Every structure is written in C-alpha cells, then in structure tokens.
Amino acid sequence: MNTFVSFLLAARPKTLPAGIVPVWAGCMIVWKMRGFWDMRLAALTLASALCIQIACNFFNDAIDFRKSADTAKRQGPKRMTASGQLSARTVQVVGALFLLGACVAAWPLIELRGWPMLAIGIPSLFFAYGYTGGPWPLAYKGLAEVFVVLFFGLVAVMGTVFVQVGWSSGDAMLYAAAGMVGVQCGLLSAVMVSVNNIRDRAEDASSGKRTLAVRLGDAKSRRLACSFIVATYVTLPHVSKALGGIQLSWYWLPLILLAGVLMLKILRTPADKRMNGVLALAALHLVAFVATLACS
C-alpha cells in the first residue's frame, strides 16, 4: 500500500458525509426561507468542517492504537497506525495540519461574523482531539453519540446558517428550523457512530473503551440506533411547518423504505465485518434524507 492511499484511508472518506451534510442542510434552509445562499461562504464553511472531521479521524487512528483499542480482532476497516502503514507520530502531525487548515478556511468567516465564530470554532477544534484523546476522551466515556448530535447536528447546521445570514431580530424562525433540521442530521449521523460501536463492542470492551454499545449491551444499543431513525421521521411534520410547509408527498416513500431496511439491518446483522455494509447504508440514508428534504 503506497503512502498516499494510507493517508486517504486514515482520513476515512466513507465517514465524510457526516461533515458535508450539515453544511448542505444549513445552506438549503437559508435558500428555502430567504431565497438565496452564498456559495463562497458555503465553500469556506465546508472546507473548515471537513478539515476538523478529517483531523478527528487522524487523531482517532493514532490514539486508539496507543491505547490498544485497535487490535488484531478488529472487524472494521484497517487502521493505518495499528497496521503499521503509518507511524502514530506522523498521523498525529497530519491531524494537526488539518486543524491548521480548518483555521485558515475559517479566518474569513471570523472576520465577517466576529466572536460567535470563535465560540463555535474553538470547542470544535478542541474536541477534534478530545473525541478520543486528552484527560476525558468522549468516545471512551460513552458520549460519542451525544457529541455527534451536538457538533455534527445542531452546531454545524445552525453555524452554517449563521455564516450565511448572520443574526437579526427577525431570524428566530430561521434558526428554529435550523435547530430542528440540525437535530435530525445529528441523529442520523449518530446512527453511523452507533453501528460502528455495535460492530466493535467486544473489542472495545476488552480494551476498556466504554462506548455506549459497551455500556448498554448489544440488543439495547441496536434498539437505540433504530430509535434515532424513528425520532428523525416523527419530527418531520414539525420541520415541514418550520420550513414553511414543505410537501411531504409520495416521493418520501423510497426514503422511508430505505429507513426501514436500514433498521432491519441494524437489528439483524451480526456484530462482525458484515456491519460495515450497514455503516455504508447509514451514510447513504443520511445523504438521501437531506437530498429529499431539499427537493421537497
């Protein structure tokens, strides 16, 4: 395996929809409720968000290896540090460079929108490392799903809206819609995390990584992942109203069927390499959900 491919795999491209979709959703909300969106601001927001997510993935690769959380029993995709393709030091340096890239992309946004962008950006930079590193790593404490709902949902969608339009007294309905869609995006991203943790539950338990799947057990963690999907669809009428009455017509049916298939897969697929296909299906469902919302 050449070095470029190793770096590409360490970035975990299959997980990147979780970073792309919230920015897309935020721009979609602005377009639906204001009739415009700024492509340049969207590109800078997306670049910063993706750099933070990729940095998080690199740090996770190196830190899990150092904590012996990635072992020969691993059922998921090969990790570059644990497999010896890249050194832990190299992976962490690259992660730091991606954080620097996030700061560079965000600088024009800070100049435009001021201190609120720092209030969004600084915690995001910190948790890119603190997700698995630092004195209180979130992923090791069973808080990964909570983190994802907050940062890949609420913060990302509402932050994108703020970048696009700023804030005025007449924007309350806009931000209410962004908050609801943000929770939906966060919940569907958390499904991906839950599937990943269900697959790795036995390995994580043996290495002391107390994910939510380890804490709840196999059956309850599968039902929890399905509840995230159900909650997303239960809130659709409220989102429709907040966005000005989008049409929940027949073309939502294929997406609902896809959600049903995904839930069946989550409940029935053994916790081994076959869960990797379920993870890919969860990522597809996240993208399809926002695409359908945008077309409504």
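Okay, so helices here are DSSP runs of H or I with at least four residues, strands are E runs of at least two, and both are numbered from the N terminus. By that naming, Thr-160 sits in helix α6.

Quick housekeeping: what we're looking at is a predicted model, where local features need pLDDT of at least 70, side-chain atom pairs count only at pLDDT 80 or more, and totals for chains, interfaces and linings use all residues. Residues are numbered from 1 along each chain as its sequence is written, and side-chain values use heavy atoms, with hydrogens and water left out.

Back to Thr-160. Is Thr-160 buried or exposed? Buried, with a relative accessible area of 1%; the word means under 20%, while exposed is over 50% and partly exposed lies in between, using a 1.4 Å probe and protein chains only. Skipping neighbours within four places in sequence, Thr-160 is in contact (heavy atoms within 4.5 Å) with Pro-22, Val-23, Gly-26, Cys-27, Thr-45 and Val-155.

Staying with α6, residues 144-165: its axis and that of α4, residues 88-113, come within 9 Å and cross at roughly 65°. Axes are lines fitted to C-alpha atoms, for helices over the stretch in contact, with angles from 0 to 180 degrees between N-to-C directions. On the α4 side, the contact uses Leu-109, Leu-112 and Arg-113, and α6 brings Phe-162, Val-163, Gln-164 and Val-165.

Last stop, the loop between α1 (3-10) and α2 (17-34), where you'll find Arg-12. Arg-12 isn't a glycine, yet has a positive phi of about 55°. Most residues other than glycine have a negative phi. Arg-12 also counts as buried, at 12% relative accessibility.
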